[in-house]
Amino acid sequence: ARALWSEGEGKGARRKEGRERDTERPAMGSLVGGGSSQDWDLQKIVKGVSLLAAGGACLWLGSELWDRTVQHYAWSTWIRTHLRYRPGSTTGYLSKVLKNHSDNRRKRRPRRVYMDGCFDMMHYGHANALRQAKSCGDYLIVGVVTDEEILKNKGPPVFSEKERITMVEAVKWVDEVITGVPYEVSSEFMKMLFTKHKIDYIIHGDDPCLLPDGRDAYELAKKAGRYMEIKRTEGVSSTDIVGRMLLCYHQVVSPFKRQRRVHKTKSMDKIEQDFSMGSDIGSDSELEDAASSSSPKTPIKPPTRMSNFMPTSRRLIQFANAGVKAGTDSVVVYVDGAFDMFHPGHVEILKAAKSLGDYLIVGLHDDDIVSRTRGRHYPIMNLHERCLSVLACKYVDEIVIGAPEAITRELLTTFNIAIVAHGTVYESDPLPEQYTMAVENGIFVEIPSKSKLSTKEIVRRILSNKENFERKFQKKNASETEYYKNKTYVQEQ
């Protein structure tokens, strides 16, 4: 027993000596080696910072992959459709976090989007496409295709390149315009957009845009995952408008030709029937023939136009300048007219009128007034269509729908009008008393018109090259028929 006790006591003493040596080593190391405990703390800090940096890099890389690639694939569309975020749940919280991250990212670097087109005979459908494109980003750059590219891929344009650029620059949703744009988005042009203009997405409508060889003009942008699609504006197209203009054929010919019956070509009859904006009775002589052949009891139906456009309050709100109103001290300028087939001449007058004051109001005459003063086939665009075209102009602050033909004291008082302006080009003879009130009050200003362009001049351009436009728009009609046959619902931006 004494031997076992002495052996256990010896082991305890050896363990105590070992512990003392262990406690002395760090102290001696600190004296000799310069502080290994401090090195250990520094390593912990470096490791923690590295992990934080790696986590931040992963978050940034993930957001970039989502923004630029993943969200454009079909499966992500299926997820957004079928696995919707529900408020109050984990997915609802994640959606809020992701939205805040996206908003903060867009504040640091605004999203730049690009849209191009011919923009020939620009109408409210083009303007609505640009509005939707702007809603997809923060800065909208618009490319205008050259005359040569349009002639090669679609046929002759009605407006020159300079006139089309003027129209695009006047749209209030456009931030920048680039020229010399090709019809096809090639790899070289797409690289220039991404590097020089810092474009994030290329945008186009859901209607097909095909090259002469049948290829999609935006095929490369779609493959690159940098393509976004918007809804086409229903109820209007350039093809439809040309069909309406062809009905003016018998009205704009010379007086000598009006005395005899004009025999139309079969192709012209086909286009008028396809776009059916009125009856086949076109010339004055045909109207007289119809009157003589009809019985006294049978009324003659006047030529009528049916537009496919369905005006809604939501569309007017989208185009209106919400929250913008004239102040008590603002100089209010008023311009009235038909503004049919909104063209560069209108833009120049509105720009000059806006420079005369602070707030520009445009009065649009109703269809009956325009038809009575210009002819039964006018206006080509109805009142609601003309309202949207004018509202899309960045120089216009407000419009009066169905404005009175003559300036009245009530009109001047209601809107506190200080200046009544008009261009030197009149598309129809004004009433003798139309501007009497403004002249008597000394507030009438006549603005020199820089452009002599008018609605009738646009119609003459169409008819002077009638055969080419018939072939062009017959081909376009076939593609539009195919589009309406296979179209599916697309949510508008």
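**Briefing: loops, sheet, cores and selected residues**

Asn416 sits in the loop between α19 (409-414) and β9. The model is predicted. Phi of Asn416 is near 55°, a positive value in a residue other than glycine. With a relative accessible area of 44%, Asn416 is partly exposed.

**Parallel sheet and its helix**

- Strand β9 (residues 417-423) runs parallel to β10 and is joined to β10 by 4 bridges.
- His422 stands opposite Glu446, a residue of β10.

**Nonpolar cores**

- The largest nonpolar core has 68 residues, and those with the most contacts inside it are Leu130, Met245, Leu350 and Val362.
- Leaving aside neighbours within four places in sequence, Leu350 is in contact with Phe339, Phe342, Leu360, Val362, Cys393, Tyr395 and Val396.
- Another core, of 20 residues, lies apart from the largest one; Cys118, Val145, Ile178 and Leu211 are among its members.

**Aromatic pairs**

- The structure holds 4 aromatic pairs.
- The ring centres of Trp173 and Phe319 are 5.2 Å apart and the planes stand at 80°, so this pair is edge-to-face.
- Trp173 and Phe319 link distant parts of the chain, being 146 residues apart. Trp173 is in the loop between α7 (161-169) and β3 (176-181), while Phe319 is in helix α15 (residues 313-319).
- Both Trp173 and Phe319 are buried.
- Tyr218 and Tyr227 form a tilted aromatic pair, with 6.0 Å centre to centre and 45° between the planes. Both Tyr218 and Tyr227 are buried.

**Asn128 in helix α5**

- Asn128 lies in helix α5 (residues 124-135) and, at 0% relative accessibility, counts as buried.
- The side chains of Asn128 and Thr233 are joined by a polar contact of 2.8 Å.
- Not counting residues up to four places away in sequence, Asn128 touches Thr233, Arg315, Gln318, Phe319 and Glu492. Phe319 is also a member of the edge-to-face pair with Trp173.

**Thr455 in helix α21**

- Thr455 is in helix α21 (residues 455-464) and is buried, with a relative accessible area of 0%.
- Thr455 and His343 are 112 residues apart in sequence, and their C-alpha atoms are 8.0 Å apart in space.
- Not counting residues up to four places away in sequence, Thr455 touches Asp340, Met341, His343, Arg374, Tyr378, Ile380 and Glu427.

**Other backbone features**

- The peptide bond from Tyr378 to Pro379 is cis, with omega near 0°. Tyr378 is among the residues that Thr455 touches.
- Pro379 lies in the loop between α17 (367-374) and α18 (383-391).
- Lys198 has a positive phi, near 55°, in a residue other than glycine.
- Lys198 lies in the loop between α8 (187-195) and β4 (201-205), and is partly exposed, with a relative accessible area of 46%.

Note on methods. Residues numbered from 1 in each chain as written. Predicted model: local features only at pLDDT ≥ 70, side-chain atom pairs only at ≥ 80, totals over all residues. Heavy atoms only, no water. Helix = DSSP H or I, 4+ residues; strand = E, 2+ residues; numbered from the N terminus. Buried < 20%, exposed > 50% of the residue type's maximum accessible area, 1.4 Å probe, protein only. Polar contact = N/O pair within 3.5 Å; in protein donor to acceptor, adjacent residues only side chain to side chain. Contact = heavy atoms within 4.5 Å. Pairing = 2+ DSSP bridges. Core = buried A, V, L, I, M, F, W, Y, C linked by side-chain atoms within 4.5 Å. Phe/Tyr/Trp six-rings, centres within 6.5 Å; stacked < 30°, edge-to-face > 60°.
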